[in-house]
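Have the sequence and the model side by side.

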Amino acid sequence: AKKIGMPEGSYTVMKLELGNLQSVRDFVANLKAFKSARPLNHLICNAAVYKPKEPEPAWTDDGFEMSMGVNHLGHFLLVNLLLEDMKRAKGARCCIVGSITGNTNTVGGGLVYPQADLGDLKGLASGGKKPIEMADGKPFFGAKAYKDSKVCNMMTVSELHRRYHESTGIVFSSMYPGCIAETALFREKRPWFRKAFPWFMKYVTGGYVGEKEAGERLAQVIDDPSCTKSGVYWSWNGGAQTVGRWDKSGKPKGAGGSGGEIFENTQSDAVKDLPTAMKVWEYSKAAVGLSDKEMAKGMKP
């Protein structure tokens with residue numbers, strides 16, 4: 001905020017550690033106290049960790065594998081604890097950032113090994129805590145752990161929409177802002193990769209998106225009047241060389257790269273798997289210790 005010149009007093013920084021469930025609960029309590037009677041109208045869940053080169057899992061303070069614990073479970077608890085307050089707001093919106101890497105119907109998710117695959121959710125069904133390393137109960141694989149967490153993010157949005165949109169009016173959405181190749185998300189990668197990857201995405205695939213443009217896209221989803229449809233996975237048809245820009249009817253298609261138009265993207269069959277999404281919801285609820293009393297009223301089963 002200081003870097004871009006936002007005036008003091010126009011924002012407030014509050015502590016939130018998604019890898020610690022008590023910190024999530026403390027943040028919610030502090031936020032409610034800070035804003036007093038005003039309802040929360042916009043919620044963006046954008047934090048993520050990515051540990052592709054680690055041979056062994058890192059763990060959150062509560063004992064969850066770090067990628068799943070921070071990217072999915074921390075956000076799952078945060079959103080659910082704030083819904084009852086958000087439903088009092090007019091035009092409330094909630095966006096959980098997704099990724100093409102969690103969609104197996106894309107190049108990044110389907111052709112780049114490994115693919116996201118929650119399997120039978122054996123690990124999450126068993127509580128998801130140490131020594132359980134993956135949602136499917138299999139041994140740790142850092143790149144897959146990230147992709148699995150993004151599938152859970154997008155399934156959570158679908159379930160929030162199905163369970164709460166009709167009764168609360170809250171608009172729930174996910175989005176893929178493009179490949180922000182210079183973000184700190186890749187801090188775990190080797191130095192040569194961090195240097196070469198932005199160049200590759202800019203000049204070979206055309207899929208590169210700068211942080212400023214990515215932020216503008218996120219702001220569009222959470223604020224633009226054209227993005228009031230709930231349950232949508234938004235993308236932009238930019239300058240990526242591996243996809244066409246418009247179909248025969250003149251509508252944008254594909255996803256990736258700078259520029260282009262916003263459109264409703266198609267999620268993979270795995271992400272749209274309702275029985276699995278319902279299990280992810282119930283297993284996640286149990287894992288984070290979320291009680292029925294804490295959840296927003298009016299939920300569909």
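Start with helix H7, residues 211–223. Its 13 residues should span 18 Å at 1.5 Å a residue, and the end C-alpha atoms are 18 Å apart, so the two values agree. Bear in mind that this is a predicted model. Which residues of H7 are buried? They are Glu 213, Ala 214, Arg 217, Leu 218, Val 221 and Ile 222.

Now step into strand S2, where Cys 94 sits. Cys 94 has a relative accessible area of 1%, and the cut-off for buried is under 20%, so this residue counts as buried. Its contacts, leaving aside neighbours within four places in sequence, are Leu 43, Val 79, Met 86, Ile 170, Val 171, Phe 172, Ser 173 and Ile 222. Ile 222 leads back to H7, as one of that helix's buried residues. Val 171 lies 77 residues from Cys 94 along the chain, yet their C-alpha atoms are separated by 6.2 Å.

Helix H1 comes next. Leu 21, Ser 23, Val 24, Phe 27, Val 28, Leu 31 and Lys 35 are its buried residues. Seen down the axis of H1, they fall within an arc of 155°, so they line one face of the helix. An α-helix has 3.6 residues a turn, so residues three or four places apart point the same way. The buried residues of H1 pack against helix H2 (66–86) and against H8.

H8 has another partner. Helix H5 (residues 142–168) packs with H8 (residues 274–288) at an angle of about 95°, the axes being 9 Å apart. That angle falls in the 65 to 115 degree range, so H5 is roughly perpendicular to H8. On the H5 side, the residues that meet H8 include Cys 152, Met 155, Leu 160 and Tyr 164. Leu 274, Met 278, Val 280 and Trp 281 are among those on the H8 side. By class, this contact has nine nonpolar, two polar and four charged residues.

Finally, take the whole chain. It has eight helices and five strands, running α-β-α-β-α-α-α-β-α-α-β-β-α from the N terminus. Of its 301 residues, 49% are buried. Among contacts between residues at least 6 apart in sequence, 71% join residues at least 24 apart.

How values were computed:
Residues are numbered from 1 along each chain as its sequence is written. This is a predicted model: local features need pLDDT of at least 70, side-chain atom pairs count only at pLDDT 80 or more; totals for chains, interfaces and linings use all residues. Side-chain values use heavy atoms; hydrogens and water are left out. Axes are lines fitted to C-alpha atoms, for helices over the stretch in contact, and angles run from 0 to 180 degrees between N-to-C directions. Helices (H or I, at least four residues) and strands (E, at least two) are DSSP runs, numbered from the N terminus. Angles under 35 degrees count as roughly parallel, over 145 as roughly antiparallel, 65 to 115 as roughly perpendicular and the rest as oblique. Contact means heavy atoms within 4.5 Å. Ala, Val, Leu, Ile, Met, Phe, Trp, Tyr, Cys and Pro count as nonpolar, Asp, Glu, Lys and Arg as charged, and the others, Gly among them, as polar. Buried means under 20% relative accessible area, exposed over 50%, partly exposed in between (1.4 Å probe, protein chains only). The arc is that of the directions from the helix axis to the C-beta atoms. The expected span of a helix is 1.5 Å times one less than its number of residues.
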